[in-house]
Amino acid sequence: MTAVVSSTDAIVEKVLADSTSVVVAGRRRATSSRRALVAPVDGRPWTEVAIGGRQDAHDAAEAAARALPDWSATPAVERAAALRAVADELDAASATDGWPTLVTRETGKRLAEARAELGLSAVYFRVMADLLDEQQERVLRAVPGAVHHVEPRPLGVAAVLTPWNFPVSIPARKIAPALAAGCPVLFKPSEVAPLSSMVLAALLDRHVPAGTVNTVLGEPADVVDPWLAHPDVQVVSFTGSTWVGRLVAAAAAPRFLRTVLELGGCAPFIVLPDADVEHAVQTLLVAKYRNNGQSCIAANQVFVAREVAETFVDAFVAATERLVVGDPLDAATDVGPLAPAGDPARLAALVDDAVAAGARVAGTRASAPENGHWFAPTVVVDVPASAAASRDEVFGPLAAVSTYDDLDEAVAQHRATGYGLAGYVCGTDVEAARDVSRRLRAGIVGINTGTPNYPGAPFGGLGLSGTGYEGGPQGLEAFQAWRTTAVVGAAVS
């Protein structure tokens, strides 16, 4: 364990000392273009990162194409062993300070959440290794005199495009199945939190052949366009906004690339009349404020049955006001700063819009540091459907609450958004809650839980929330094609 911990700490030190975001065929590249990284906690630049351009992106795609024959031919047992070795290092690193602190510094999430993110990332690699072990060629003997062999094959090179809010676990849930399937990876991390992702890329380079994972950070057009045009790139997996997802889908369409698009969300959180109010409040605190509210599956539209509305709102507002806003490295902190510099102003505008539409601020904004990207958790109640905070993705510690008399109307308001990523239902009658969950337009639903995701189960959205699946066998198959070979001959029985 000590040796593994030391190795991951050494990777962090190396990335910080030589913060280039271009690694092609296992070699770090010095580039002339640089970008400042700003710490959310104080709003000040704290380092720079070297970024790449079109030539770097082209060279990365060529390196991945060269790696494709060997990696796709590597026995499944060896690919699975590499994934498990990565998982072991991630688990060990979650107990150190180096990598989790870097994640916290770049994103503003609490240190405990950064550690949990590394642990979750390990699970993605381990689950995909297990699924690869379990995946078998199917042999069909339905036609007399013939045998049909059905086997999975890697699609080709995979382009992986990831956001800043989970700079390790979101790349992990894409890269792990791609590597398991036999697909070399082209990895573009977010420009907001690239160093945390670069540590993952460097760790991967320790366990897979050079060129199997190639990483380039740069302007999207300079990096993504050459990748999606390259003939060996056959699948693209993107997590980000619905607006950018449309651009990725349009760029992938001419070559009919396989696409996995995990886009925006506007998750409903429905409190039924029979809900345990205290438990529902605790569930919403997690579903709303986890990761500073900057999660694609965060609760967005909070619908509370009138029978419990007054008690619930009072308890939730009180719990929100008790949250400690402060340094995310401090164990006493509940909510840290937001990563993008413009997000506090964006959230304040959503509050103003809701109030102008007839809502009221029920929660007193807690005090927050003067410098940095801070927005104190805020509860707005009686939010009408017309308010942007109720119909669009909030992506921050702002809770928009409304009371319903007719559950059908609440469900209709949810479905009218066009999103379909996640949803939540709280109620003591679990079967009744499940009935409500089936009416939601959502790829994943939490009943009496604010953390419904699990790497062994599929995760994907509907409508404006995207297409395709991550996690579970469906996540592995996103990077695979199926080939059927029919055999007729004397040896067939």
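The model is predicted: local features need pLDDT of at least 70, side-chain atom pairs count only at pLDDT 80 or more, and totals for chains, interfaces and linings use all residues. Residues are numbered from 1 along each chain as its sequence is written, and side-chain values use heavy atoms, with hydrogens and water left out.

Figure 1. The protein divides into domain 1 (7-263 + 467-482) and domain 2 (267-455). These bounds come from an automatic or database domain assignment. Taken over C-alpha atoms, the centres of domain 1 and domain 2 are 30 Å apart. Domain 1 brings 29 residues to the contact and domain 2 brings 26 residues. Contact here means heavy atoms within 4.5 Å. The size of an interface is often given as the accessible area lost when the parts come together. Between domain 1 and domain 2, about 2,100 Å² is buried, and carbon and sulfur atoms give 61% of this area. Buried area is the accessible area (1.4 Å probe) that two parts lose on being put together, summed over both.

**Figure 2. The domain 1 side of the interface.** Val41, Arg110 and Trp164 are the residues of domain 1 that lose the most area to domain 2. Together they account for 24% of what that side buries. Ten residue pairs are in polar contact between domain 1 and domain 2, both residues at pLDDT 80 or more. A polar contact is a pair of N or O atoms within 3.5 Å; within protein, one must be able to donate a hydrogen and the other to accept it, and residues adjacent in sequence count only if both atoms are side-chain atoms. On the side of domain 1 that touches domain 2, β3 (33-39), α4 (98-107) and α5 (111-134) each supply at least two residues. Helix α5 gives the largest share, six residues. Helices (H or I, at least four residues) and strands (E, at least two) are DSSP runs, numbered from the N terminus. The residues on this side divide into 13 nonpolar, nine polar and seven charged. Ala, Val, Leu, Ile, Met, Phe, Trp, Tyr, Cys and Pro count as nonpolar, Asp, Glu, Lys and Arg as charged, and the others, Gly among them, as polar. Salt bridges across the interface of domain 1 and domain 2 number zero. A salt bridge is a side-chain nitrogen of Lys or Arg within 4 Å of a carboxyl oxygen of Asp or Glu.

Figure 3. Most residues other than glycine have a negative phi. Asp382 is not a glycine, yet its phi is positive, about 55°. Asp382 is partly exposed, at 43% relative accessible area. Phe256 also has a positive phi of about 55° and is not a glycine. Phe256 lies in the loop between α9 (242-252) and β11 (258-262). Phe256 counts as exposed, at 76% relative accessibility. Buried means under 20% relative accessible area, exposed over 50%, partly exposed in between (1.4 Å probe, protein chains only).

**Figure 4. The buried face of α8.** Helix α8 (residues 220-229) has Val223, Val224, Pro226, Trp227 and Leu228 as its buried residues. Their cover includes the helices α2 (54-73) and α9. Strands β7 (157-161), β8 (185-188), β9 (213-216) and β10 (233-239) are also among the covering elements.

**Figure 5. Salt bridges.** The count is 24 salt bridges. Asp130 and Arg84 meet through their side chains at 2.7 Å, N to O. This pair links distant parts of the chain, 46 residues apart: Asp130 in helix α5 and Arg84 in helix α3 (residues 76-93). Asp130 is partly exposed at 34% relative accessibility, and Arg84 is partly exposed at 25%. Arg438 and Asp435 form another salt bridge, with the closest N and O atoms 2.8 Å apart. Arg438 is exposed, at 52% relative accessible area, whereas Asp435 is partly exposed at 45%. Shared partners join Arg173, Lys174, Glu262 and Glu470 into one salt-bridge network.

**Figure 6. Surroundings of Ser241.** Ser241 is placed in the loop between β10 and α9. Ser241 is partly exposed, at 34% relative accessibility. Leu263 is 22 residues away along the chain, but the C-alpha atoms of Ser241 and Leu263 are separated by 5.1 Å. Not counting residues up to four places away in sequence, Ser241 touches Leu263 and Gly264. The Ser241 side chain also reaches the backbone nitrogen of Val244, at 3.1 Å.
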